[in-house]
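Visitor: I would like to learn how to read side-chain features in a model. Please take them one by one.

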Amino acid sequence: MAGGGDPKWQKDAGDQNFDYMFKLLIIGNSSVGKTSFLFRYADDSFTSAFVSTVGIDFKVKTVFRHDKRVKLQIWDTAGQERYRTITTAYYRGAMGFILMYDITNEESFNSVQDWVTQIKTYSWDNAQVILVGNKCDMEEERVISQERGKQLADQLGVEFFETSAKENVNVKAVFERLVDIICDKMSESLDSEPQNMLAGGARGQKLSEQPQGNNNPNCNC
């Protein structure tokens with residue numbers, strides 16, 4: 001990985017408190033739990049009283065990965081169609097996406113492909129994606145099996161987790177894995193294609209329609 005002085009990964013020369021800054025987005029249908037997921041990770045808090053996010057909001061959290069201090073700028077996006085024009089404007093420049101559905105809501109699962117299209121249309125090619133089936137604490141209301149989630153992730157060529165913001169299951173693991181994937185892609189690009197750094201960053205794995213066979217189910221529910 002590049003040294004901390006490399007400005008090409010949004011390094012702010014005036015701020016020596018971090019080596020890299022990654023912009024991450026949480027996307028998915030309304031009410032799948034995006035805001036609760038963010039608050040659980042950033043503040044280690046949970047409430048079921050959230051109202052639907054209007055437009056977009058974000059939190060900042062600094063983590064240590066691979067001996068580097070990484071500042072995460074995590075954007076919580078509104079899921080409603082009427083806010084789509086606002087939220088897609090934030091896709092460009094995002095290095096990672098948490099694409100979330102609700103395991104108790106068939107419509108949210110069926111909408112995943114639409115969100116994938118949004119990512120392909122509005123984000124950089126180097127954006128990394130993790131598919132997340134949220135609310136795995138609500139097993140009695142489950143309508144989307146873990147196997148269906150894994151199969152979809154295979155088809156898209158992305159990794160998969162089931163999570164619970166309420167019970168704090170795999171929330172931290174999702175963010176850590178996404179940061180690791182981004183760091184790995186940075187390292188690969190620096191080693192093999194250093195000119196990419198001048199062109200806007202490392203190229204990551206694109207979303208695919210074909211099974212990739214590199215899936216990591218990671219559910220401890």
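**Reading the side chains**

Guide: Helices (H or I, at least four residues) and strands (E, at least two) are DSSP runs, numbered from the N terminus. This is a predicted model: local features need pLDDT of at least 70, side-chain atom pairs count only at pLDDT 80 or more, and totals for chains, interfaces and linings use all residues. Residues are numbered from 1 along each chain as its sequence is written, and side-chain values use heavy atoms, with hydrogens and water left out.

Visitor: What is a salt bridge, and how many does the structure hold?

Guide: The rule asks for a side-chain nitrogen of Lys or Arg within 4 Å of a carboxyl oxygen of Asp or Glu. The structure holds ten salt bridges. In one of them, R65 pairs with D180, and the closest N and O atoms are 2.7 Å apart. R65 lies in strand β2 (residues 56-65) and D180 in helix α6 (residues 171-192), so the pair ties together parts 115 residues apart in sequence. R65 and D180 also belong to a salt-bridge network with K172 and E176.

Visitor: How far apart are E147 and K150 in helix α5?

Guide: They are three residues apart, which means about one helical turn. E147 and K150 form a salt bridge, with the closest N and O atoms 3.5 Å apart.

Visitor: Is D180 buried or exposed?

Guide: Read the relative accessible area: buried is under 20%, exposed is over 50%, and partly exposed lies in between (1.4 Å probe, protein chains only). D180 has 13% relative accessibility, so D180 counts as buried. R148 is partly exposed at 29%. E106 is partly exposed too, at 32%. E147, at 41%, is also partly exposed.

Visitor: Which residues of the largest nonpolar core touch the most other members?

Guide: In soluble globular proteins, nonpolar side chains tend to be buried together. A nonpolar core is a set of buried Ala, Val, Leu, Ile, Met, Phe, Trp, Tyr and Cys residues joined through side-chain atoms within 4.5 Å. The largest one here has 27 residues, and F22, L72, I98 and F175 touch the most other members. Its largest share, nine residues, comes from α6. A second, separate core of 25 residues includes Y101, V116, V158 and V169.

Visitor: How do I read a pair of aromatic rings?

Guide: Such a pair is described by the distance of the centres and the angle of the planes. Rings of Phe, Tyr and Trp (its six-membered ring) pair if their centres lie within 6.5 Å; planes under 30 degrees apart count as stacked, over 60 as edge-to-face and the rest as tilted. The count comes to seven aromatic pairs. W75 and Y90 form a tilted one, 4.8 Å centre to centre with 40° between the planes. W75 is buried at 11%, whereas Y90 is partly exposed at 26%. F37, Y41 and F175 form one aromatic cluster.

Visitor: Which ring does the charged end of K59 sit over?

Guide: A charge sits over a ring if NZ of Lys or CZ of Arg is within 6 Å of the ring centre and within 35 degrees of the ring normal. K59 sits over the ring of F39, 4.4 Å from its centre. K61 lies over the face of Y41, at 5.1 Å from the ring centre.
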